[in-house]
Structure formats: structure tokens, C-alpha cells
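Please work through each task before reading its solution.

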Amino acid sequence: MDFEKYLKIISDSYYGYFHYLVNEMFYPSWHNYFWWLLGMSIAVWLLEIFVPWRKDQAIFRKDFWLDGFYMFFNYFLFSLIAYNAISNVAVEVFNDFLGLFGVENTVALHIDTWPRWSQFLLLFILADFIQWNVHVMLHRVPALWEFHKVHHSVEQMGFAAHLRFHWMETIIYKTVQYIPLAMIGFGLEDFFIVHIFTTTIGHLNHANLRLTYGPLKYILNNPIMHLWHHVKALPKDRKYGVNYGITLSIWDYLFGTNYIPNEGRDEPLGFDGMEDFPKTFWQQVSYPFVKVKNRDAGSQKIEKSPVNNKEYSNEKESA
Ligand SMILES: [Zn+2]
Ligand SMILES: [Zn+2]
């Protein structure tokens, strides 16, 4: 094994990503995730302020700042700290591993001769279907559910709740997507428009807005449908969950996991046992590891930290 090569990949990843991030922040352009995320967040927030669905919900709703931090962390910082280096090394290890068997190229289907728009469409539909399956597994596999609980600990929906999730989800989603997408020659980085579109729909899915997009609701996920995904009281025969859609709702209609009994505007959100779920960023991201460790030690009890870091919790509810 050529460890020097891997070390160089790690240092190049950090160096490259750091420069990318600084560039993103200080040089706004149309092809820039940082400013798109910021602009889009403000746009959806303004809609929430001017045409709210739950009119009594505070503009700085419960956990607004916690979710804002998650948004920045998951979209940018996690990549800076770890993901970029981990994934670049993993891709190289994967290719080296295939090289041992004389496989030089994983591309099984050549779509680079297709029109650009059809490449976008195929990537979008395929990635969304893979993500739908991963999301179902996050609910059905007990160890994965411990990580996914972070996203389901949202009690009041607003645009920033979209990116409140455990960083482990980034690793799980990207790993599962990597092999099938690489086989048709896709690199996720090239698809800026797809990424901006799915992020916008994700923001809207969590927003305090009464939106369904009319007949398009059978294709696109929407705030009413996704609210039911977060509802605490699940129907008896659907104990794992309902409405698993990410950007597209069509998979739920095809596989019978759709459930919208009514608009559900004021339904309580969360999961059973939420009272014991930690409230701060660091406690939430370490929770699944502590829980698994305790389970291995034959104890289900979670030690409650006496330190309650108020920095990221927004208990003051400024309106
Ligand atoms: Zn979920
Ligand atoms: Zn959600």
C-alpha cells in the first residue's frame, strides 16, 4: 500500500476544500453554493414570515439557531473537517481495490453521448430513488434510526429543519449512492442545478407554508406531505413511518407508503421518548455512539450530562 499517496490525498483535500470554502464565501457568483444556500434560505424564510401556515409560530421558532448551525455544519463544515478527505481516500482505495482484479473502469453504461438535460434527469431520478431507499432503511434498521432521530427531534417545522441531521447520514447516503452512480459515469459535483433544485424543495418541505403544488403533489414532495413524515403519532399499521420521499413523492405513491389523512397543520411532531433526547448540538451528535456503547454494556440508560449548553438552543423564543 502506498501510504504516502493517501496522506497526500488527505492534505490536498483539506487544502483544496479550505480554499474552495473561502472562495465561496468571499466571492459571490451564480455558481456558488454558499450564496445560493443563504439567498434561498432567506427567500423561504420571508415566505414563512409573510404567508405562514401556523400563524402563531414564532419567526425565530424553537431551535431556529440550532438548526441554522446544523445547516452550516452539514452543508460546509463537515466537508471541511472530514468528509472531503474521507471520501477522496475511499474513492482511491475503492479504485485500487478494483485494480487488484484488473478492473480499470467502473463505468458500465456510457451516457456522456446523451443530451445534457437527459443526463441531469437520469441522475436526479436515480439519486432520488436511492435516497428514498436509504431513508426507509434509516427508519427500519434500529442502529440507523438512532442517527436519524436527530432529524426527527424537530418540534416546530421551519426551512432550516431541513438540514438538521447527524453527519453520519451524509456518509451513509453518499456511500450508498457512489457505486451505482459511478457505474454510469456520474460525479455528483458536476450537477450544480440538480443540487440547488433538491435543496430548494427540501427547504420548502420543512417550511411553515401551506403548499402542495396542486396535481404535482403526486410527483413532488411538499410541506403538507412531509409534515406527516414528522408526526409523532403514526398509524398502527405503519409503525416505522410514512412519506419517506426526499424530493420526489412518487415513490411513496408507487410503494404504498403515502399517508396524508388531513392537512395536519397542528399535529405534534417527533417520536416516542423525545423527552429524554438531548437538546444541544454536541450531545445530539454524540448520542448514537453513547447509546450503542451503553447497549453493548447491557444498559439502555443514557447518562444525562449535567452541562446543558444553552448556546445553540433557542429557548428564549424571540418573536
Ligand atoms: Zn425520516
Ligand atoms: Zn424532514
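**Exercise 1.** Determine which residues of helix 4 meet which residues of helix 5, and classify them.

Solution. Step 1: on the helix 4 side, the contact is made by Met137, Leu138 and His139, and their partners in helix 5 are Leu144, Trp145 and His148. Two residues are in contact if their C-beta atoms, placed from the backbone, lie within 7 Å. Helices (H or I, at least four residues) are DSSP runs, numbered from the N terminus.
Step 1: by class, this contact holds 4 nonpolar, 2 polar and no charged residues. Ala, Val, Leu, Ile, Met, Phe, Trp, Tyr, Cys and Pro count as nonpolar, Asp, Glu, Lys and Arg as charged, and the others, Gly among them, as polar.
Step 2: the axes of helix 4 and helix 5 (residues 142–152) come within 6 Å and cross at roughly 105°. Helix 4 is therefore roughly perpendicular to helix 5. Axes are lines fitted to C-alpha atoms, for helices over the stretch in contact, with angles from 0 to 180 degrees between N-to-C directions; 65 to 115 degrees counts as roughly perpendicular, under 35 as roughly parallel, over 145 as roughly antiparallel, and the rest as oblique.

The model is predicted: local features need pLDDT of at least 70, side-chain atom pairs count only at pLDDT 80 or more, and totals for chains, interfaces and linings use all residues. Residues are numbered from 1 along each chain as its sequence is written, while chains are lettered from A and ligands numbered from 1 in the order in which they are written.

**Exercise 2.** Describe how helix 4 and helix 6 cross, and list the residues that meet.

Solution. Step 1: between helix 4 (residues 116–140) and helix 6 (residues 167–183), the axes come within 10 Å and cross at roughly 135°. The two helices are therefore oblique to each other.
Step 1: Ala127, Ile130, Gln131 and Val134 in helix 4 meet Ile172, Tyr173, Val176, Gln177, Pro180 and Leu181 in helix 6. This contact comprises 8 nonpolar, 2 polar and no charged residues.
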